[in-house]
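Dear colleague,

Please find the structure below, followed by a short account of what was found in it.

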Amino acid sequence: MSAQLAQYLLTGLTVGAIYALVALGFAIIYNASHVINFAQGEFVMIGGMATVSLANAGLPLLVAIPVAVLTAAAVGVALAKFAVEPARGASVVTLIIITIGASILLRGLATLVWDKKLHALQPFSGDQPIAIAGATILPQSLWVLGVTLAIVLLLGWFFGRTLTGKAMLATSHNPLAAQLCGVNVRFVLLLSFGLSASLGAIAGILIAPITLTSWDVGVMLGLKGFAAAILGGLGSGTGAVVGGLLLGIAESLGAGYVSSAYKDAIAFVIILAVLFFKPSGLFGKKSAERV
Amino acid sequence: MNWRTPRTGGLALLAAVILLLPLALVNNYWYEVAILIGINAIVCVGLNLLIGYAGQISLGHAGFFGLGAYGSAILSARYGWPPAAALAATTAGVALIALLVGRPILKLKGHYLAMATLGMGIIISIVIVTEDRLTGGPDGMSVPAFTLFGMSLAGERVWYWIIGGTLVGAVWFALNLIESPAGRALRALHGSEVGAQVSGIDATRAKVGVFVISAMFASVAGSMTAHYSGFITPGKVSFFHSIELVTMVVFGGMASTFGAVIGAAALTLLPQLLTVLKEYEMVVFGAVMVSTMIFFPRGLLPSLMLALARKRK
């Protein structure tokens with residue numbers, strides 16, 4: 001394997017892990033409520049920006065990061081309670097517009113609370129590149145990959161082994177049946193938004209030292225996360241992770257070997273191509289319409 | 001003649017508003033706002049056929065708007081085509097692209113369709129920004145004035161009447177389409193795709209047809225914008241503009257042609273009025289979007305009509 005290829009793969013994996021976290025957020029909310037939350041990218045922004053401002057205020061990262069994640073989770077729960085829940089039963093397009101409106105609102109608030117400048121966050125453990133197979137990797141990339149892996153394992157345990165996780169899965173299959181079995185469906189909705197917001201915020205904090213952060217960083221990351229979730233098949237956790245990593249690697253290879261100007265376009269060309277052959281994504285369930 | 005149907009009374013009312021509005025337009029700035037409303041309304045009337053009647057979604061219509069604008073701009077500025085020929089060729093080209101893209105894309109449903117159209121819009125936007133030799137890249141490019149039979153069409157007052165006339169034509173076309181067999185087929189699709197197919201409707205053909213029509217509406221509006229403003233930038237092709245257009249349709253009222261016009265007017269005016277709020281503009285705009293959709297999930301006009309009908313009873 002050439003060193004150049006290894007380098008592209010490492011870069012792609014790092015970005016892909018971030019897409020995977022955002023995509024997982026889309027999948028969790030979609031499963032709980034069949035809503036596509038277009039404000040998902042704003043949680044990424046809130047995570048990064050809150051951590052930067054708390055760190056600048058003199059707090060150690062070990063305190064700043066949990067506070068930032070909890071802030072994002074609180075915003076997520078508020079979004080579910082005040083914007084999504086009152087609109088229950090509205091059409092898909094209406095719900096899309098509501099979450100897009102919420103994302104504009106959140107970006108506006110971010111410019112008021114913080115500012116419109118770019119901010120950098122200190123890497124967690126230095127910025128001395130590490131050499132692997134002729135390529136180099138930043139310590140921060142290792143953090144991204146490690147934390148993503150830990151989160152995926154943790155989510156697997158949560159949805160497979162805990163009662164709350166199983167209740168959420170049950171709700172995604174059939175809300176009414178779940179409710180009849182005693183699942184608090186309202187709580188599941190709020191929890192799913194809180195959980196996705198935390199995942200988004202963690203992604204935002206992890207990537208902030210590598211790509212900088214600002215009030216509008218969530219727009220493109222949110223779209224790419226949505227693309228990853230669709231690529232893997234909506235609502236599938238495995239799909240979200242695989243979709244995110246594939247998208248990241250494809251982008252990185254495309255930027256390296258094809259054209260860096262068309263880097264962002266490559267992701268969307270792949271999505272269109274995949275949807276052409278597999279209309280419900282790589283791991284998506286085939287849907288059948290009842291007449 | 002029954003004056004209470006949209007096809008007669010509604011159209012007459014729209015024409016009357018367009019005829020009388022200049023009395024209230026005190027200066028060129030308000031003419032510009034009125035023209036902008038008209039342009040957005042033309043796109044929204046077309047988009048509403050797709051979203052409101054056929055029940056499909058497109059988060060990429062700014063792409064067609066941009067193709068129309070840049071097509072006209074490039075053919076007339078770089079290759080010296082007469083603007084009328086450029087407009088016709090561009091519209092035909094966009095229709096062909098919409099046809100080719102629409103066939104595979106419209107097989108998708110719901111959020112997958114949203115993703116595919118969104119991706120298409122973003123790809124168009126990236127191509128326009130990147131191919132700077134033709135398009136001028138992020139800085140945009142200037143466009144010659146529209147000439148017809150040797151007359152140069154320029155100035156807000158001239159374009160007001162062109163856009164106003166086109167809007168009336170677009171609304172007339174949409175209202176007639178909806179009442180035609182093809183329109184009934186679309187509404188049947190919205191209700192149940194399988195049900196419609198069982199009744200003998202070629203679902204793919206109907207969906208692709210309306211997709212192409214809505215793309216042509218957007219393309220013509222784009223071409224007109226390019227010639228009217230004399231300058232075009234990629235901002236009008238962005239994902240945000242696509243979202244803006246869909247929001248206008250939903251805001252005014254899905255499956256209501258006049259709702260689409262009202263939505264375009266409301267959401268074009270709102271940012272103009274909100275500029276006084278300066279840094280609070282975005283927050284208020286977002287809050288208005290969210291609360292309108294929560295309290296009027298069917299959109300402004302249908303909710304209003306429903307309230308009126310209830311009162312009458």
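This is a predicted model: local features need pLDDT of at least 70, side-chain atom pairs count only at pLDDT 80 or more; totals for chains, interfaces and linings use all residues.

Residues are numbered from 1 along each chain as its sequence is written, and chains are lettered from A and ligands numbered from 1 in the order in which they are written.

Most residues other than glycine have a negative phi. A:His34, however, has a positive phi, near 60°. A:His34 counts as partly exposed because it has 15 C-beta neighbours inside 10 Å; a residue is buried with 20 or more other C-beta atoms within 10 Å of its own, exposed with 12 or fewer, and partly exposed in between, with C-beta atoms placed from the backbone. A:Leu212 also has a positive phi, near 65°. The place of A:Leu212 is the loop between H8 and helix H9 (218-232) of chain A, and A:Leu212 is partly exposed, with 15 other C-beta atoms within 10 Å.

Helices of chain A

Helix H4 (residues 92-113) of chain A has 22 residues and should span 32 Å at 1.5 Å a residue; its end C-alpha atoms are 31 Å apart, which agrees. The expected span is 1.5 Å times one less than the number of residues. Of the 22 residues of H4(A), 17 are buried, leaving the helix mostly covered.

How do helix H5 (residues 139-161) and helix H8 (residues 185-211) of chain A cross? Their axes come within 9 Å and cross at roughly 165°; axes are lines fitted to C-alpha atoms, for helices over the stretch in contact, and angles run from 0 to 180 degrees between N-to-C directions. H5(A) is therefore roughly antiparallel to H8(A), where angles under 35 degrees count as roughly parallel, over 145 as roughly antiparallel, 65 to 115 as roughly perpendicular and the rest as oblique. Among the residues that make this contact are A:Trp143 of H5(A) and A:Leu206 of H8(A); two residues are in contact if their C-beta atoms lie within 7 Å. The residues of the contact comprise ten nonpolar, one polar and no charged. Here Ala, Val, Leu, Ile, Met, Phe, Trp, Tyr, Cys and Pro count as nonpolar, Asp, Glu, Lys and Arg as charged, and the others, Gly among them, as polar.

Helices of chain B

In chain B, the axes of helix H2 (residues 28-53) and helix H12 (residues 257-274) come within 8 Å and cross at roughly 140°. H2(B) and H12(B) are therefore oblique to each other. Their contact includes B:Leu36 and B:Cys44 of H2(B) and B:Ala260 and B:Thr268 of H12(B).

The contact between the chains

Chain A contributes 39 residues to the contact and chain B contributes 36. On the side of chain B that touches chain A, H5 (110-130), H9 (193-198), H11 (239-252) and H13 (281-295) each supply at least two residues. H5(B) gives the most, with twelve residues. That side of chain B has 25 nonpolar, eight polar and three charged residues.

Note on methods. Helices (H or I, at least four residues) and strands (E, at least two) are DSSP runs, numbered from the N terminus.
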